[in-house]
Amino acid sequence: MANVAVLGYGTVGSGVVEVLERNKAEIRKNAGEEISVKYILDLRDFPGDPFEDRVIHDFNRILEDDEIQVVCEVMGGVGAAYQFTKQCLMAGKSVCTSNKELVARHGTELLALAREKCCNYMFEASVGGGIPIIRNIHNSYTAEQIRAVTGILNGTTNYILSKMETEHADYTEALKQAQELGYAERSPEADVEGHDACRKAAILSALVTGREVDTERIYTEGISGVKPADFEFAAGNGMTIKLLAVCRILEDGKLSAMVAPFMLSGNHPLASVGDVFNGVLVSSNMLGDTMFYGRGAGKLPTASAVVADVVDCVQNRGRSVMAGWGCGKAEMADIEECERLFYVRTAANAFGTAAKAFGLNAEHIARQECLRDGEYGFITPVMKEKDFRGKCLELGDVILSRIRVM
């Protein structure tokens, strides 16, 4: 029998215990032995809970128990979670986590420590919830050169944008709905400003490049500036708007990484990913495009991914199989030099000025569209990020909205 400990008995932690209990027979068959929860660490007591007898408050009982082979860290944060994870790995105990902030910030160190101690640090649930994207990138693309990973990695923002599109709600109204349904926190900045997706983008970028990627070096922009008029233009042109994490290896080998709203064609594989679902598109040189789709969050989907890592750790007891990435820093491309199309929305009396500033020719002017309140939307010619930003600064308040186009 393999004994595990669960750090944190919140939403995901209770889900991990539930999955291990409900799917006990399948897990035993796949792991080759029974997996049992011996300890649940939490500051609280849970009177009446079926597993209340396993709840403890002293982490050292887990650390000093040689029967504990795998630890599930589902506490969140980078304080105690980091210290507990590091101590477990140093003791040769494998750790499975859903903590994307911890993986993004300290993954390099923790992966190296796991390799040194012949155990594993696994984090399938840190990106895409129940979608097996980490395991697939790690195991299924060993004969491929991955060119790009593009994903809808945050269910909260995808829900908000979906409501804005289908129900013509404004951002504030859609955010309120998300909060009422429990999809968004009372303080939703980590989601709506793109920070959560940025952490996940850093993890995916590190896996693809084999090098550490700092979140601070990933350009990040949220969705609070997206308006119903922008969806009106998108719909009129067979497009939609999604918050995307885009990680691309350029011809010179540098990494271009960004999190921002994008306007994309309705036939793009990610265009149909709605509501709280996540989608990840992996583009490689031989296989081409591969799409992964599923629930990117939630108690049981996330817990399922954690338990899959637990089974992997039990099957590979005493050896490190999670390669992860090395200690060197990935070489980042200058985002300012990247070229793309941009969508721009202006007031009616400013369209001529904006069109002239962006150098629109007759073809591009023909693509302008009159929106509500007499505003105009148009797509610019292909231009560098720095040139587009410069034009927007020159025009100032003339520009009401701007979104990148994929």
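Guide: A crossing of two helices is right-handed if the near helix is turned clockwise from the far one by less than a right angle, and left-handed if anticlockwise. In this predicted model, α4 passes α5 in a right-handed crossing.

Visitor: What angle do α4 and α5 pack at, and how far apart are their axes?

Guide: The angle between α4 (residues 80-90) and α5 (residues 100-116) is about 15°, and the axes are 10 Å apart. Angles under 35 degrees count as roughly parallel, so that is how α4 and α5 are classed.

Visitor: Which residues meet there?

Guide: From α4, A81, Y82, T85, K86, L89 and M90. They meet L102, H106, E109, L110, L113 and A114 of α5.

Visitor: Switching to the sheet. What is the strand order?

Guide: The order is β3-β2-β1-β4-β5-β6, an open sheet of six strands with parallel pairing.

Visitor: Which strands stand at the edges?

Guide: β3 (55-56) and β6 (121-122). Each has a single partner strand, so one side of each lacks a neighbour in the sheet.

Visitor: And how many bridges join β1 to β2?

Guide: Six, between residues 2-7 of β1 and residues 35-41 of β2. In that pair, A2 stands opposite I35.

Visitor: Now N158. Buried or exposed?

Guide: Buried, because its relative accessibility is 1% and the cut-off for buried is under 20%. N158 is part of helix α7, residues 155-166.

Visitor: What does N158 touch?

Guide: Leaving out residues up to four places away in sequence, N158 touches I152, K242, V273, G274, D275 and F277. With G274, a polar side-chain atom of N158 lies 3.5 Å from the backbone oxygen.

Notes:
Residues numbered from 1 in each chain as written. Predicted model: local features only at pLDDT ≥ 70, side-chain atom pairs only at ≥ 80, totals over all residues. Heavy atoms only, no water. Helix = DSSP H or I, 4+ residues; strand = E, 2+ residues; numbered from the N terminus. Buried < 20%, exposed > 50% of the residue type's maximum accessible area, 1.4 Å probe, protein only. Polar contact = N/O pair within 3.5 Å; in protein donor to acceptor, adjacent residues only side chain to side chain. Contact = heavy atoms within 4.5 Å. Pairing = 2+ DSSP bridges. Axes fitted to C-alpha atoms, helices over the stretch in contact; angles between N-to-C directions. Parallel < 35°, antiparallel > 145°, perpendicular 65-115°, else oblique.
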